[in-house]
Amino acid sequence: LHFFGVSYVSHGYQAFLTDLSASTDLHMYVLHPAGGVANAASPFLDAWGTPQREFVDMLRSIPHTQHAVTAAGARVHVPIGTEDAPTIRLIGCASPRREAEGVADLIWSLMREPRDNPLHFNDIAVLVNASQKDIYLPHVASVFDEAHRIPHSVTDVPLLSASPVAQAVLALLELPFSRFKRSGMLDFLMHPNLSGLSADADRHAFVRVVDRLGIFHGADHTEHEDTYITSDVINWRQGMRRVALGAFLEGPTSGEAEPVVAGEEAYLPEEAREDRPSIQQLMLIARSLMEDMRSLPEETTTLTGWSERLAGLVTTYLCRHSDEDEAHLQRCLAGIYRLARLDTHGKNVGFGTALALARSSIEALSGASGGYLMGGVTVSTMAPMRAIPFRVIIVMGMTEGKFPAQERLDALNLKQASRQP
């Protein structure tokens, strides 16, 4: 058996490899400084290579495998910080966006430099501090794609942080537990992948009308029973009634301040003069959303039933504008349909359980894009790439307090009393 790209093996896997080596030859191809960076001029690199040397020593300690460990290295002197050969450069930037733009400019300058051994894009890795990846990766992908045309592949990134479609899917499924608050509803209704809306619809006019209507939360007044809210206000239904009345009656916009009495309530017509067709479209979508989803928290069915119900909502209210949108939506639907595989006993469960499982399935989806090591710059967090050699490595997100991360001490973890190789 041949193993590539391994940078660490836990003690449990060490026992597994020991048992496996008794029946077959194991060949471990690993990076090994072999003392190559250990010299008085480079104490920093000497310390940097310590974990990998300890890892190789651990592999050599496995019985029957000493002959199978391949560790190539030579003692070399690496100048650090010299003007002629600055192998390590530290560059300060004002923001993550500026940092991504600076990295793109640096990559192109490196590619244009004349050298005997030409540099290729797949010789370069851009590594992002894991705690900052949700902030940095969207900027890196945007800058590389739009402004600098740098071929690249993104690995170790969840689909949820890289795909607006996946974010819309989760926002839609979480609406029933939001009490249809204005923030959650507007976030979804303003999403570019919302289905059923004309391309020229003025969404900003809708936001202004919602603000004038005083809509804050609740599908209708029944959700405010047994509260201090005694009048039919701040919910979506009263806003829709006022917009409907404004289609044929004058309101405050025209100087008419007399409300229209309907039953025990009085409503001021909202003329919505900005872009009435767009506002009517969005109001109809909002009404359909609440009718389809407000009863879900009280319903129970099997996980198979929930997978079909939730997938139906997604396909009804979200559309695709590109092949990438289609691919991401299909992956989210596959994650939702995965709930049916968990339906082993056919028992009924509530919407909360189904939502938690669907959210977990969608959050587990990988957002990797591009061909890994296939001609482009590799963009990833640090851990997955620590065993892969590159000629140029650029590290982003080394913000004070974020990198290195603060060590968390656990009083119950006795291993923290002393360093473990």
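**Helix packing, sheet and cores of the predicted model**

In a right-handed crossing, helix α12 passes helix α14; a crossing is right-handed if the near helix is turned clockwise from the far one by less than a right angle, and left-handed if anticlockwise. The model is predicted, with local features requiring pLDDT of at least 70 and side-chain atom pairs counting only at pLDDT 80 or more, while totals for chains, interfaces and linings use all residues. Residues are numbered from 1 along each chain as its sequence is written, and side-chain values use heavy atoms, with hydrogens and water left out.

Helix α12 spans residues 303-317 and helix α14 residues 351-363. Their axes come within 10 Å and cross at roughly 70° (axes are lines fitted to C-alpha atoms, for helices over the stretch in contact, with angles from 0 to 180 degrees between N-to-C directions). The two helices are therefore roughly perpendicular, a class covering 65 to 115 degrees, whereas angles under 35 count as roughly parallel, over 145 as roughly antiparallel and the rest as oblique. On the α12 side, Leu303, Trp306 and Leu310 meet Phe351, Ala354, Leu357 and Ala358 of α14, contact meaning heavy atoms within 4.5 Å.

Arg182, Leu186 and Leu189 of α8 meet Arg203, Phe206, Val207, Val210 and Asp211 of α9.

Overall, the protein contains 15 helices and 11 strands; these are DSSP runs numbered from the N terminus, helices being H or I of at least four residues and strands E of at least two. Four strands form an open sheet in the order β5-β10-β4-β11, with parallel pairing (two strands pair if DSSP finds at least two bridges between them). At the edges, β5 (152-154) and β11 (392-396) each pair on one side only. From one strand to the next, the twist averages 20°. Strand β4 (residues 124-128) runs parallel to β11 and is joined to it by five bridges; Ala125 has Ile393 as its bridge partner in β11. Helix α4 (residues 96-112) lies across β4, β10 (377-381) and β11, and runs at about 170° to β11.

Of the 421 residues, 40% count as buried, that is, under 20% relative accessible area, with exposed over 50% and partly exposed in between (1.4 Å probe, protein chains only). The largest nonpolar core holds 58 residues, of which Trp236 and Leu289 touch the most other members. Such a core is a set of buried Ala, Val, Leu, Ile, Met, Phe, Trp, Tyr and Cys residues joined through side-chain atoms within 4.5 Å. Helix α11 (residues 276-293) gives the most to this core, with eight residues. Leu289 touches Leu172, Leu175, Met185, Phe188, Leu189 and Tyr317, residues up to four places away in sequence not being counted. A second, separate core has 24 residues, including Leu106, Ile124, Val379 and Ile394.

Helix α11 also contains Ser278, which counts as buried because its relative accessibility is 3%. With residues up to four places away in sequence excluded, Ser278 touches Asp200, Ala201 and Asp202. Ser278 and Ala201 are 77 residues apart along the chain, yet their C-alpha atoms are separated by 4.9 Å. Across the protein, residues 24 or more positions apart account for 71% of the contacts with a separation of 6 or more.
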